[in-house]
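Subject: Structure handover

Hello,

Here is the structure I promised to pass on. Please open it alongside this note; what I found follows below.

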Amino acid sequence: MKALAALLAAATFLAACATPQAPAENSLVTTGRLSLRVDAHADRPAQGMTAAFELQGHADRGELRLMSPLGGQLVAARWAPGQAVLDTPAGRQSFASLDDLSLRALGEVLPLAALPDWLAGRPWPGAAHQISAAGFGQLGWRVDLAKRAEGWISAYRDAPPAVSLRVRLDMDG
């Protein structure tokens, strides 16, 4: 469970030198709640987590924070080209990339660099995609945007272990 929180907190990105700088003040901020489930596979049990999140930036430079239901920060990640930094209550860890972070935290790579674009309702420009009736497919994932107008985005990966990510965006107004 903590590994999933750490993975998503870095969520979604790539970072530079020592400690990456925070994104520019005028960056778009996306907030909401997310739920991640990784099915059991081989000798690993199923894992899942739910958290509030705040995402600022994009695939190249940004920050992702995960908060508990009571609003306390669980983890925070900052990224820039070449490094991802994850701050948890246990301390700070640095990784060469978001892929490295997700691999270490979950034992597999999740497309965290694509998350800012997916939450904006579009494919990540860093990889090929296929348009579908409900959204698009990219990086082995199906991204469902059918309920995005109501604030819901879902992403599914069927390859073992199956993974599902459901996001409820905070809506303006």
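Val143 has its bridge partner in β10: Ala155. The strands concerned are β9 (residues 141-144) and β10 (residues 152-157). They run antiparallel and are joined by three bridges. Keep in mind that this is a predicted model.

Now the overall layout. The protein chain has three helices and eleven strands. Along the sequence, the pattern reads α-β-β-β-β-β-β-α-α-β-β-β-β-β. Of the 173 residues in the protein chain, 45% are buried. Its accessible surface is about 8700 Å². Carbon and sulfur atoms account for 54% of that surface.

Strand β5 (residues 83-88) pairs with strand β6 (residues 91-95) over five bridges, in the antiparallel sense. Asp87 has Arg92 in β6 as its bridge partner. The side chain of Asp87 also makes a polar contact, at 2.9 Å, with the side chain of Arg78. Arg78 belongs to strand β4 (residues 73-80).

Is Arg78 buried or exposed? Its relative accessible area is 12%, so Arg78 counts as buried, the cut-off being under 20%.

Strand β3 (residues 62-67) holds another residue to look at, Leu64. Leu64 has a relative accessible area of 1% and is therefore buried. Its C-alpha atom is 9.7 Å from that of Thr31. Leu64 and Thr31 are 33 residues apart along the chain.

Finally, the aromatics. How many aromatic pairs does a search of the whole structure find? The search returns two.

The ring centres of Trp118 and Phe136 are 6.3 Å apart. Their planes stand at 65°, so this pair is edge-to-face. Trp118 is in helix α3 (residues 115-119), while Phe136 is in strand β8 (residues 135-138). The pair therefore ties together parts that are 18 residues apart in sequence. Trp118 is buried, at 3% relative accessibility. Phe136 is also buried, with a relative accessible area of 3%.

The other pair is Trp118 with Trp141, and it is tilted. Here the distance is 6.0 Å centre to centre, with 55° between the planes. Helix α3 supplies Trp118 and strand β9 supplies Trp141, so distant parts of the chain, 23 residues apart, are linked. Trp118 and Trp141 are both buried. Through these ring pairs, Trp118, Phe136 and Trp141 form a cluster.

One is the ring cluster of Trp118, Phe136 and Trp141. The other is the side-chain contact between Arg78 and Asp87.

Best wishes

Terms used. Residues are numbered from 1 along each chain as its sequence is written. This is a predicted model: local features need pLDDT of at least 70, side-chain atom pairs count only at pLDDT 80 or more; totals for chains, interfaces and linings use all residues. Side-chain values use heavy atoms; hydrogens and water are left out. Helices (H or I, at least four residues) and strands (E, at least two) are DSSP runs, numbered from the N terminus. Buried means under 20% relative accessible area, exposed over 50%, partly exposed in between (1.4 Å probe, protein chains only). A polar contact is a pair of N or O atoms within 3.5 Å; within protein, one must be able to donate a hydrogen and the other to accept it, and residues adjacent in sequence count only if both atoms are side-chain atoms. Two strands pair if DSSP finds at least two bridges between them. Rings of Phe, Tyr and Trp (its six-membered ring) pair if their centres lie within 6.5 Å; planes under 30 degrees apart count as stacked, over 60 as edge-to-face and the rest as tilted. Accessible areas come from the Shrake-Rupley method with a 1.4 Å probe; for residues, only the protein chains shown count as cover.
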